Amino acid sequence: MSPEKWRNHLVLLLFCTISSASGAFFGVNIGTDMSNMPPAKDVVAILKSYQITHVRLFDADRHMLNALANTGIQVMVGVTNQEVLGIGQTPSLAAAWVNKNVAAYIPGINITAIAVGSEVLSTIPHAAPILVPAMNNIHRALVASNLNFQVKVSSPQSMDIIPKSFPPSTATFNSSWNSTMYQFLQFLKNTKSFYMLNAYPYYGYINGNGIFPIDYALFRPIPTSKQIVDSNTLLHYNSMFDAMVDAAYYSMDALNFSGIPIVVTETGWPSLGGANERDATVQNAETYNGNLFRRVLNDSGTPRQPATPISTYIYELFNEDKRPGPISEKNWGMFFPNGTTVYSLPMSTSELTGDSSGSGLFCVAKPDVDSSALKSGLDWACGQGSANCSALQAGQPCFQPNNIQSHSSYAYNDYFHRMQSAGGTCDFGGTATTTSVDPSHGSCIFMGSSRSNSSGPFMPPAAPGPFIPGKSGLKLQFSGLTYMVLTVLLAIIQL
């Protein structure tokens, strides 16, 4: 290998070593089934302006790949469903595909994953026996190109292959796919890859016959009387999204597989629907995606896997007017083809986490409310609700007075100010109320207070995250050995 190629590989290794300790990321799907697809360079300009660090392409379009060169954006390319059969049956086709669509673009383009097909088991079930062979052939081609450590291989699966997803603890894959799923999961385990899940609470809600409230699907707070609990594990689920992810984890458990992380490759909410699609609205789409951003960037896991963040790709960047089906199918995008937004979007991570409700109004815990109810509200706000509760830790400004009333008020108010513009309310199961009296005290400053010097705590922009979420997913830590290795790599790169 030439010195220049060695240097390129070392740069990639150094980048991967650092980024692998990052938390969850959010990315976006880029579909092209539209009448007037913008030029690739304009698409990339949108990605940059919104600090989107991960994209998924449904194919390996050369125009889009060339436009993504030298941007640092991590790219997932796709083997189309039409290509799966040939690649699964003929290893040489897999090698040619990898050489043309992956190896030819690295290192200039940061390709980190290949999605082999899309929902193959539920959309083209006759191809099921060839899915894992296709993945194996692609992986072997990557090994031959010395790219298997940088580029992971998997295949997105829909929730349809899990016939009964609630309660999550009883979820299993459709038994007719057991043989295929066993081979599929064994491949992911052997190659240290991840499970790609397409999870749509929109469909879970509209097909649920009124069993679940819409707030549950939209990440909104749920009153205590309506909380969703898995009766087998007693785990509380504050969102349908989390329950769907855990259903996939439990389904893997049922086949005796663990330790395979999940990346949600598709999720979203349509902004427009037909006469019988009344929940496909701009307001609901804005609420879902806004709350989803906050949930992902909170770096928390699910009730079943609390230490494993859920990296997620929004479906999708643009409305696709040529997609078949009902009106809602054409309206999942965050942008119109001309680059204007379908609804209000945060321009950066700081907008996702900052104060959006103005000063002078505060959300506090009601007096004389049962402490267990306050504890439930506090746990939700600091967890699923994405409130910043760091000031409540021992030794921090708002730890004292150390009682449930004071701590709940701080957490409720932080959530309220962050989430009001996305539909967040001051309710918490009837345990909260609004007041114009500033509850700040001493050095403990409540968000919205005139004593605050800023609109909210600073949060850094989303950094490019790894494709396989780390089990901690919280902080970057270096051991002495890691530091020494990085020092050596930097020295070599500078040669």
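**Aromatic rings, a helix crossing and a loop residue**

W269 is tucked away in this structure: its relative accessible area is 0%, so it counts as buried. The model is a predicted one.

With ring centres required to lie within 6.5 Å, the count reaches 26 aromatic pairs. One of them brings F166 and F212 together edge-to-face, with 5.5 Å from centre to centre and 75° between the planes. Why does this pair tie separate parts of the chain together? F166 sits in the loop between β6 (157-158) and α8 (178-191), while F212 sits in the loop between α9 (201-206) and α10 (214-217), so the two parts being joined are 46 residues apart in sequence. W269 and Y288 pair up in a tilted arrangement, at 5.6 Å centre to centre and with 35° between the planes. This pair also links distant parts of the chain, as W269 is in the loop between β10 (262-267) and α12 (282-297) and Y288 is in helix α12, 19 residues apart. A ring can have a charged neighbour too: R304 lies over the face of Y250, at 5.2 Å from the ring centre.

Next come two helices. The axes of α5 (residues 91-103) and α7 (residues 128-144) come within 8 Å of each other and cross at roughly 55°. At that angle, α5 and α7 are therefore oblique to each other. The crossing of α5 past α7 is right-handed. Which residues make the contact? On α5 they are P91, A94, A95, W97, V98 and V102, and on α7 they are N137, I138, A141 and L142.

Finally, there's I445, which is found in the loop between β13 (432-435) and α16 (480-493). How far is I445 from C398? Along the sequence they are 47 residues apart, and in space the C-alpha to C-alpha distance is 8.0 Å.

How values were computed: Residues are numbered from 1 along each chain as its sequence is written. This is a predicted model: local features need pLDDT of at least 70, side-chain atom pairs count only at pLDDT 80 or more; totals for chains, interfaces and linings use all residues. Side-chain values use heavy atoms; hydrogens and water are left out. Rings of Phe, Tyr and Trp (its six-membered ring) pair if their centres lie within 6.5 Å; planes under 30 degrees apart count as stacked, over 60 as edge-to-face and the rest as tilted. Helices (H or I, at least four residues) and strands (E, at least two) are DSSP runs, numbered from the N terminus. Buried means under 20% relative accessible area, exposed over 50%, partly exposed in between (1.4 Å probe, protein chains only). A charge sits over a ring if NZ of Lys or CZ of Arg is within 6 Å of the ring centre and within 35 degrees of the ring normal. Axes are lines fitted to C-alpha atoms, for helices over the stretch in contact, and angles run from 0 to 180 degrees between N-to-C directions. Angles under 35 degrees count as roughly parallel, over 145 as roughly antiparallel, 65 to 115 as roughly perpendicular and the rest as oblique. A crossing is left-handed if the near helix is turned anticlockwise from the far one by less than a right angle, and right-handed if clockwise. Contact means heavy atoms within 4.5 Å.
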